[in-house]
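Could you walk me through this structure as if I had never seen it before?

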Amino acid sequence: HVIAQVQTLAEAQTAFGILEKGVDHILLNIKKSIELKKALHQLKSKTDMIPLVAAQITEIKPLGMGDRVCVDTCTEMKTGEGMLVGNSSSALFLVHSESISNPYVAPRPFRVNAGPVHAYTRVPGGKTRYLSELAAGDPVLIIDYKGNSTAAIVGRLKVEKRPLILVKAKIDKQEITAILQNAETIRLTSPEGSPIS
């Protein structure tokens, strides 16, 4: 087992990612207790499970044009992975990454065509942010269909005017909504991890 001694959160994050495998353990040598608490909270949030619940889509309605955000990350995603996005911070949809081949564009496994500028997405630490607030270098969460989360870094945002749709769904009696780009290449994720256009 490899143990790396680190003195900052940044050093800990680097140690866990070295050679795509990372060290087995770290020894945090941080003198200030508040910095230690922050580091432990951040490191814990990188591996949190996020409970996902299947929702029944009840309506899809074209809305017209709006400003849509693609989030290009510094991480390649695979089938069953994407970002949580929605109109309410308390109920988000798992929007699939563009890791799937289609006849219109080449796969871009680093990208999630996430939604309009007002939408929320999950970020490390159990928080949400508006898509419009994100910038290069910011952390976001990549989620798989089982609820496993991984922190990723935003490389850039691509904001363009695109036709939008409203997606309504129900979980028991609660209605949840998200607005997404109206395109066949935009997919939600099934409970089994399949991308659904």
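This is a predicted model: local features need pLDDT of at least 70, side-chain atom pairs count only at pLDDT 80 or more; totals for chains, interfaces and linings use all residues.

Residues are numbered from 1 along each chain as its sequence is written, and side-chain values use heavy atoms, with hydrogens and water left out.

Let's begin with strand β4, which covers residues 81–88. Strands here are DSSP runs of E with at least two residues, numbered from the N terminus (helices are runs of H or I with at least four). Six of the eight residues of β4 are buried, so the rest of the structure largely encloses this strand. "Buried" means under 20% relative accessible area, "exposed" means over 50%, and "partly exposed" is in between, using a 1.4 Å probe and protein chains only.

What does β4 pair with? Strands pair if DSSP finds at least two bridges between them. With β5, the pairing is antiparallel over five bridges, and Leu84 stands opposite Leu94 of β5. These two strands make a hairpin, with two residues between them. β4 is also joined to β9 by two bridges, again running antiparallel, and there Gly82 faces Ile143. Then there is β7, likewise antiparallel to β4 and joined to it by two bridges; Val85 has Thr121 of β7 as its bridge partner.

Now look at Glu81 in β4. Is this residue buried or exposed? Glu81 is buried, at a relative accessible area of 12%. If you leave out residues up to four places away in sequence, Glu81 touches Glu76, His96, Ser97, Ile142, Ile143 and Asp144, where contact means heavy atoms within 4.5 Å.

Next comes the inside. In soluble globular proteins, nonpolar side chains tend to be buried together. A nonpolar core is counted here as a set of buried Ala, Val, Leu, Ile, Met, Phe, Trp, Tyr and Cys residues joined through side-chain atoms within 4.5 Å. The largest one has 26 residues, and Val71, Val85, Phe93, Leu131, Val140 and Leu180 have the most contacts inside it. Two or more residues come from each of β3 (56–73), β4, β5 (91–96), β6 (111–116), β9 (139–144), β10 (149–171) and β11 (174–181). Of these, β10 gives the most, with five residues. Apart from this core lies another, of five residues, with Ile50, Leu84, Leu141 and Ile143 among them.

Leu180 is worth a stop. Leaving aside neighbours within four places in sequence, its contacts include Val95, Ala114, Pro163, Ile165 and Leu188.

β10 and β11 also pair with each other, antiparallel and over eight bridges. Ala169 has Ile176 in β11 as its bridge partner. In the hairpin of these strands, which has two residues between them, Asp172 takes a positive phi near 55 degrees.

Over to the aromatic rings: a search of the whole structure finds one pair. The ring centres of Tyr120 and Tyr130 are 4.8 Å apart and the planes are at 25 degrees, so this pair is stacked. For reference, rings of Phe, Tyr and Trp (its six-membered ring) pair if their centres lie within 6.5 Å, and planes under 30 degrees apart count as stacked, over 60 as edge-to-face and the rest as tilted. Tyr120 belongs to β7 (residues 120–123) and Tyr130 to β8 (residues 127–130), 10 residues apart. Tyr130 is partly exposed, at 34%. In the loop between β7 and β8 you'll find Pro124, which is buried at 10% relative accessible area.

Finally, the cysteines: how many disulfides does the structure hold? It holds zero, a disulfide being a pair of cysteine sulfur atoms within 2.5 Å. The sulfur of Cys70 is 15 Å from the closest cysteine sulfur, in Cys74, so the two are too far apart for a bond. Cys70 is buried, at 2%, whereas Cys74 counts as exposed, at 56%.
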